[in-house]
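Hi everyone, thanks for making time this morning.

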Amino acid sequence: MTKPKIAAQLYSVREYCKTEQDVYRTFEHIKAMGFDGVEIEGLQSVVSAQKAALRLQSLNLAVCATRGSLGEVETCPERMIEDALCYNAQECGIGTIKSMYNRSNATIEQYMDIIAPVVEKISEAGLTPSYAVLPHDFMPCADMVTLKESKRPAPGEAWKNYSFYRLMDRFSPGTLNFTLDTLWLVLAGLDVSDSIRQIKGRSNVLRFRDHKIEIGPRSINHPNRTPCEVGGGLLDFASFMPAVCEADIQWITVGQELAARDPFECLQLGLNHVRSLIG
């Protein structure tokens, strides 16, 4: 099996992408670190996809995926697709379900009806649509009528109401991919390796993020979950690698949320850690 390539999550260094020249310097820094590519997010208002793509090509940095939002899916899917095509991205992200749709079976169906034509358009453009999985995709939902009537799923059946599994059922393999995030899976209380195996054949990109536990300012009984570089926290990424191989993941993206140290340093440490696991 081909070893997965490693990309940097641009969202991790968003504070260094405020201007067009900032973006270009960030690309150069990422290339100098040794990354194979980037995961694009949040550049639309700073630099055009055409210009950014040209700079990435000159640096021989690939774009493994773009990350969109529900707002873009609803209002400007054509631009979202055009940008992904400019980047020659392997996956075109469509964002994630919002809380207003994650309240009942009926509203989840409404959300899926909204994204279905966009998913089809992305596929017709030669791109792979991908859904970004968040912790709330594993929250059981039931509408108020169901709750009022005290109806409960049969034992072992509650998972069928999770939006993640509803999406898996609605969109067949090859129609919609899923982008998992190790940190979100842990926060949702899921086994990371099992989750990765579930999306075998339905994902090319896997996001690696980490966190650690620190004493909170109020009490030792209220510790903080502090974002940190990949490999510097609680997550055992080495234990995930067999599942990564089984699922034939092609890209691992590395990033962190507002870590205390310099974000570029975090990216370099994360890259080094993942590279040591891939061999």
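Let's start with the fold: eight strands close into a barrel in the order E1-E2-E3-E4-E5-E6-E7-E10, and the pairing is parallel. Averaged over neighbours in this sheet, the strands are turned by 35 degrees against each other, direction ignored. By pairing I mean that DSSP finds at least two bridges between two strands. The angles are taken between N-to-C directions and run from 0 to 180 degrees, with axes as lines fitted to C-alpha atoms, for helices over the stretch in contact.

A word on provenance before I go on. This is a predicted model, where local features need pLDDT of at least 70 and side-chain atom pairs count only at pLDDT 80 or more, while totals for chains, interfaces and linings use all residues. Residues are numbered from 1 along each chain as its sequence is written, and side-chain values use heavy atoms, leaving out hydrogens and water.

In total the protein has eleven helices and ten strands; these are DSSP runs numbered from the N terminus, H or I of at least four residues for helices and E of at least two for strands. Of its 279 residues, 48% are buried, where buried means under 20% relative accessible area, exposed means over 50%, and partly exposed is in between, with a 1.4 Å probe and protein chains only.

Now to the individual strands. E1, residues 5-9, pairs with E2 in the parallel sense over three bridges, and alanine 8 stands opposite valine 38 in E2. In a regular strand, side chains alternate between the two faces of the sheet. E2, residues 37-40, is covered on both faces: Gly37 and Glu39 are buried on one side, Val38 and Ile40 on the other. On the helix side, H10 lies across E7 (205-208) and E10, running at about 175 degrees to E7; contact here means heavy atoms within 4.5 Å.

So where is the open space? The largest pocket holds about 310 Å³. Of the 23 residues lining this pocket, Glu41, Arg67, Ala132, Leu134 and Arg207 are the closest to its centre. E3 (62-66), E4 (91-93) and E5 (128-132) each give at least two residues to the lining, and the largest share, three residues, comes from E4. By class, the pocket lining has seven nonpolar, eight polar and eight charged residues.

There is also one cavity of 30 Å³ or more in the whole structure. Arg67, Ala132, Val133, Leu134, Thr179, Asp181, Trp184 and Arg207 line the largest cavity.

One last thing, on backbone angles. Most residues other than glycine have a negative phi. Asparagine 60, in the loop between H2 (49-58) and E3, has a positive phi near 60 degrees, and is exposed at 60% relative accessible area.

Methods. 1 Å grid on protein atoms, 1.4 Å probe; cavity = no way out; pocket = protein on both sides within 12 Å on 5 of 7 lines; lining within 4 Å. Points joined across faces, edges and corners; volume = space filled by probe spheres on them. Nonpolar A, V, L, I, M, F, W, Y, C, P; charged D, E, K, R; others polar.
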